[in-house]
Amino acid sequence: MFHGFLRTLVKVTVASLIVGTILAHFGVTTEQIMQQAGLSQERLMELAQRGLTWALPNLLLGSLVIVPVWFLFYLFRPPGARSD
């Protein structure tokens, strides 16, 4: 599972570099795209902070339930069973 995630992450990274290089060649900048979308750097940072402020407590709360349940399933799975 992790191998598939890593492969996807590399593909997205390479595709982003290629598209970014092409856009830079034509003079397109990050500031232009953000301005067209009606965003500023400050607004983007504010949105990211608000999202993190909401997500982090919920992530921690959920992990207090999920991690012990996963650990129990991991401990009591049949010998030789793989989770591919």
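Q: Which residue forms a salt bridge with Glu 46?
A: This is a predicted model. Side chains of opposite charge can pair when their charged atoms come close. For Glu 46, the closest N and O atoms of the pair are 3.3 Å apart. A salt bridge needs a side-chain nitrogen within 4 Å of a carboxyl oxygen. The partner is Arg 43.

Q: How many residues apart are Glu 46 and Arg 43 in helix H3?
A: Helix H3 covers residues 41–76, and both Glu 46 and Arg 43 belong to it. About one helical turn separates the two, because their spacing in the helix is 3 residues.

Q: How many salt bridges does the structure hold?
A: The pair described above is Glu 46 with Arg 43. For the structure, the count of salt bridges is 1.

Q: Are Glu 46 and Arg 43 buried, partly exposed or exposed?
A: Buried means under 20% relative accessible area, and exposed means over 50%. Glu 46 has 37%. Arg 43 has 34%. Each value lies in between, so Glu 46 and Arg 43 are both partly exposed.

Q: What span should helix H1 have, and how far apart are its end C-alpha atoms?
A: Helix H1 runs over residues 2–25, which makes 24 residues. The expected span is 1.5 Å times one less than the number of residues. That rule gives 34 Å, and it agrees with the end C-alpha distance of 35 Å.

Q: Which residue just after H1 takes a positive phi?
A: Look just past the end of helix H1. The phi there is about 85°. The residue is Gly 27.

Q: Where is Leu 39, and how far is its C-alpha atom from that of Trp 70?
A: Leu 39 sits in the loop between helix H2 (30–36) and H3. Its relative accessible area is 31%, so Leu 39 counts as partly exposed. Along the chain, Leu 39 and Trp 70 are 31 residues apart. Their C-alpha atoms are separated by 40 Å.

Q: What is the radius of gyration of the protein?
A: The protein has 3 helices and 0 strands. Its C-alpha atoms fill a box of roughly 60 × 30 × 10 Å along the principal axes. A compact globule of 84 residues would come near 12 Å, but the radius of gyration here is 21 Å.

Q: What share of the residues counts as buried?
A: The protein exposes about 8,100 Å². Carbon and sulfur atoms supply 71% of that area. Of the 84 residues, the buried share is 1%.

Terms used. Residues are numbered from 1 along each chain as its sequence is written. This is a predicted model: local features need pLDDT of at least 70, side-chain atom pairs count only at pLDDT 80 or more; totals for chains, interfaces and linings use all residues. Side-chain values use heavy atoms; hydrogens and water are left out. Helices (H or I, at least four residues) and strands (E, at least two) are DSSP runs, numbered from the N terminus. The radius of gyration is taken over C-alpha atoms; the globule rule is 2.2 Å times the number of residues to the power 0.38. Buried means under 20% relative accessible area, exposed over 50%, partly exposed in between (1.4 Å probe, protein chains only). Accessible areas come from the Shrake-Rupley method with a 1.4 Å probe; for residues, only the protein chains shown count as cover.
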